[in-house]
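My entries follow the order in which I looked.

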Amino acid sequence: MTIISNIENIFNPKSWGLPKEAIDGLADRLRSIWTRFHNLFTTKRKDASEHAYVYMRGLLTMDTDRNYANIARRVNGIEDDGQNLQQFMSDSPWEAEPVFQKIQNEINQRQELAKGVLILDESGDERDGDKSVGNGRQYLGRLGKVDMGQVGVVLGYSVAGLWMMLDARIYLPKSWFTMEYYSLSQKLGIPDNRRFQTKQKLGLEMILNTQVPFESVLFDSFYGDDHWFRIRLNENQKTYIGEIRTHIKVYLHQPVLEIPTNTTTEHRGRPFSRRRVISDEKPIFVTETIPHMQFKTITVRHTERGLLRFSCAALRVWIVTKEGYMTEEWLFVRRESDGTYRFALSNAPADTSLEQLAYWQASRYFIERTIQDAKSEAGWDELIAQKYRAWMHHAALVALTLWFIAETKLDWQQQFPRDPSLSSQMKLEVLPALSMANIKELLKAVLPLKQLSPTSARRLVIKHLVARSRSISSRLKACRSQNIVDVNLRI
């Protein structure tokens, strides 16, 4: 009887915190979050906010081909060709920034979500041609190569095993601010007041503008290697831990900095204007600090692969920039299982524990989960956005879907707790959490997409054939006109 009881408990939805009332209310939850935000999608002339709900529903209930036409047809029915949805996303003058701000305000209202970590990263997607906003030949970090594509700078937030997107900005390469791109920039709706900003400046702007209290900012070596970026965060009293590459040099003892005077015959030219190291201390590469460190194995958190623990160490060091600016920071070193080392710098107070530094450094993993969910589950990488507004609108609605998922997870944890005996029955200390894919499957059941009947399918195919025929006819007509012009010119 005990075995049967255990099996029944293991496969009982209530045991996993998934009672019928939770699933039945999922559609209302989606409508509710749209209701809270819908006024942000209206304009002075028109209330087109329903399109935001349609778009979110498409992102959450479709798995592929989440373009305007497919979303409109699958959510609203075959008669909707997606033109209104496309206009809402590409041309409607509602702003994305208030959506990000309201997401942050709602997070602030949840005490359980206080004092997490901010995580800055970027996400690039391959794009053909150069007619899409921000498109250009550039490094696509997630793909690990230089290619034609768009790059977005993303600010994520993680706390209590949850992750969400707080803000996102499209990176516009410097070439987009030249006269060569002026006409295209106007056509694609890039704001007139938009100026070239590096990814570091875009990231700093988002961090300083965030309304969510946080313990620390985390970032990879692209940002960590940039002394200017770290100095600006430090000046604004933002604690950070950022990975760095091995070419960074540090001092093990505080050097003395002064502006040298021209008292020797060796120096000729203008007087010195920047501070320089005048003491005997010499900088060393971060790899050379290893012999000076005492490593300790730290247990960070539970994962689905077991406990995350690794060997690490930290040492107070000094960094001097070529501009003569000196900072005292933690040099955090993590020893990987293959014997390699990863390095990070942090401006955390001198009494910060090694355990705290290790926890922060390991939390950068959650930006990977954020971007992965945004792309694989919410279709962030599927939209080929040509216009500036389309990219920003899409990013804002993807962020809202991620907030919907995080809020649902949190509410269900509190309202429908799991059976405490499940852990022992499954022989696990911590049970796996609901994923975004799990919640999407449940949402598909309560908000099924429109299904095509044979008659509707035929009408849809004919509609596509007619549209293609008209397009071909238009192109041929243009070609014939061009040929006539060419003949007249030759005559």
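**Entry on terms.** I work on a 1 Å grid over the protein atoms alone, where a cavity is a set of points at which a 1.4 Å probe fits but cannot get out, a pocket is an open set with protein on both sides within 12 Å along at least five of seven lines, and lining residues have an atom within 4 Å of a point. Grid points are joined across faces, edges and corners, and a volume is the space filled by probe spheres set on the points. I note that this is a predicted model, in which local features need pLDDT of at least 70 and side-chain atom pairs count only at pLDDT 80 or more, while totals for chains, interfaces and linings use all residues. Residues are numbered from 1 along each chain as its sequence is written, and side-chain values use heavy atoms, with hydrogens and water left out.

**Entry on the largest pocket.** I looked up its volume, which is about 1,400 Å³, and found that 43 residues line this pocket, with His302, Thr303, Glu304, Val430 and Ala433 nearest its centre. I name helices (H or I, at least four residues) and strands (E, at least two) as DSSP runs, numbered from the N terminus. The elements that each supply at least two lining residues include strand E3 (145-159), strand E11 (296-303) and helix H13 (365-377), and the largest share, four residues, comes from H13. I sort residues so that Ala, Val, Leu, Ile, Met, Phe, Trp, Tyr, Cys and Pro count as nonpolar, Asp, Glu, Lys and Arg as charged, and the others, Gly among them, as polar. By these classes the lining has 22 nonpolar, ten polar and eleven charged residues.

**Entry on the second largest pocket.** Its volume is about 590 Å³, and among its 27 lining residues I find Glu95, Pro191, Arg194, Tyr388 and Met392 nearest the centre. Helix H14 gives the largest share of this lining, four residues. I count ten nonpolar, six polar and eleven charged residues there.

**Entry on cavities.** How many cavities of 30 Å³ or more are there? I find two by this rule. The largest cavity holds about 100 Å³ of space, and its lining includes Ser123, Asp125, Arg127, Trp380 and His394. Strand E3 gives the most to that lining, with three residues, and the classes come to five nonpolar, four polar and two charged. The second largest cavity holds about 50 Å³, and Leu162, Trp163, Asp373, Leu402, Ile405, Ala406, Lys409 and Met436 line this space. Four of these residues, the largest share, come from H14, and the lining divides into six nonpolar, no polar and two charged.

**Entry on two helices.** Helix H3 (residues 26-37) and helix H16 (residues 436-446) pack at an angle of about 100 degrees, with their axes 8 Å apart. Axes here are lines fitted to C-alpha atoms, for helices over the stretch in contact, and angles run from 0 to 180 degrees between N-to-C directions. Angles under 35 degrees count as roughly parallel, over 145 as roughly antiparallel, 65 to 115 as roughly perpendicular and the rest as oblique. H3 and H16 are therefore roughly perpendicular to each other. In contact (heavy atoms within 4.5 Å), Leu26, Ala27 and Leu30 of H3 meet Ile439, Leu442, Leu443 and Val446 of H16. The residues of this contact are seven nonpolar, no polar and no charged.
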